[in-house]
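Reader: Could you walk me through a few features of this model while I have it open? I'd like to start with the strands and then move on to the helices.
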Amino acid sequence: KATKGLIKRILHYLNLKFSPEQIVHGAPNINVSVGTIYNWIDKQIIPFDKKKLRLKGKRVRKRKEAGRLLSRPDSSWFIQHSIDNRPIECKHRIEFGHWEADSVLSRRGSNAAIATFIERKTRQYLAFKMPDKTSHSMYQAIKRLIKLYPSAIKSITCDRGTEFINQTYVAKLEKKGIKIYIAHAYSPQERGSNENHNGLLREYFPKGVDFQNVSQKELNQAVHAINNRPRKTLNWKTATDRFQKEIQRKKRKKLV
């Protein structure tokens, strides 16, 4: 199976910092197992230094949570949660309460990360510190978002990162009435608002910054500045202004 073409493709993704698991499950035309890739690296069939792998090539055993193995969802799960299933009101930013989510990483060598969220209609942007980029940390960040705006979260669109596809946590969110939509692989444009705002956040915290050394207060100040800029797409209103109007509208409806 170790053809020159396959070795070249796998090496390409390894040099892009993909893990063997990400290559097998996320890259096209890789018809070998995760174990095979590790073995080929060990035997230097693939000329790649395993110390450059995450965890320096040590394989991580999957841990049990709530009595279940946290394995990667199968294709039917991704189809069920596909971005293609989003209602037109979400797709065209007609309805308030549909969010995009992502994570922003620290410099290499640091586990700390930032969970970022943006409401699609108003472009209101939020960011929370995370100790690491695990599904547990992301779930805790989403719970903070829900606590802040309990009536303003109808759906969250995210990518296929491991922090978003924990089936246990997705099921818990959907029990709360929050639908999770997963973008197609290699399609950051499907979460364009979030990607764009992450770029704005990087103006305050460039690549190479260790988020372990950034306080939530500093993060809040940067986010506040971003949300209070007038936007052409919002007819020169700010995201904060539009977001607060939507929140007030929901409150009035609830009173009626």
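Reader: How many bridges join β3 to strand β4, and do they run parallel or antiparallel?
Author: In this predicted model, β3 and strand β4 (residues 113–119) run antiparallel and are joined by seven bridges. One of the residue pairs is Leu105 with Ala113, the latter being the bridge partner in β4.
Reader: And which way does β6 run with β3, parallel or antiparallel?
Author: Strand β6 (residues 155–158) runs parallel to β3, with three bridges joining the two, and Glu100 stands opposite Thr157 of β6.
Reader: How many residues of β3 are buried?
Author: Of the eight residues in β3 (residues 98–105), seven are buried, so the strand is largely enclosed by the rest of the structure.
Reader: Switching to helices, at what angle do α1 and α3 cross?
Author: The axes of α1 (residues 4–15) and α3 (residues 34–42) cross at roughly 90° and come within 12 Å, which means that α1 is roughly perpendicular to α3.
Reader: Which residues meet there, and of what class are they?
Author: From α1, Leu6, Ile7, Ile10 and Leu14 meet Ile37, Trp40 and Ile41 of α3. By class, this contact of α1 with α3 has seven nonpolar residues, with no polar and no charged ones.
Reader: Last one: what caps the N-terminal end of α7?
Author: Asn166 does, with a side-chain oxygen 2.9 Å from the backbone nitrogen of Thr168. Within α7 (residues 167–175), the buried residues are Thr168, Tyr169, Val170 and Leu173, and just after the helix Gly177 takes a positive phi of about 90°.

Methods
Residues numbered from 1 in each chain as written. Predicted model: local features only at pLDDT ≥ 70, side-chain atom pairs only at ≥ 80, totals over all residues. Heavy atoms only, no water. Axes fitted to C-alpha atoms, helices over the stretch in contact; angles between N-to-C directions. Helix = DSSP H or I, 4+ residues; strand = E, 2+ residues; numbered from the N terminus. Parallel < 35°, antiparallel > 145°, perpendicular 65-115°, else oblique. Contact = heavy atoms within 4.5 Å. Nonpolar A, V, L, I, M, F, W, Y, C, P; charged D, E, K, R; others polar. Buried < 20%, exposed > 50% of the residue type's maximum accessible area, 1.4 Å probe, protein only. Polar contact = N/O pair within 3.5 Å; in protein donor to acceptor, adjacent residues only side chain to side chain. Pairing = 2+ DSSP bridges.
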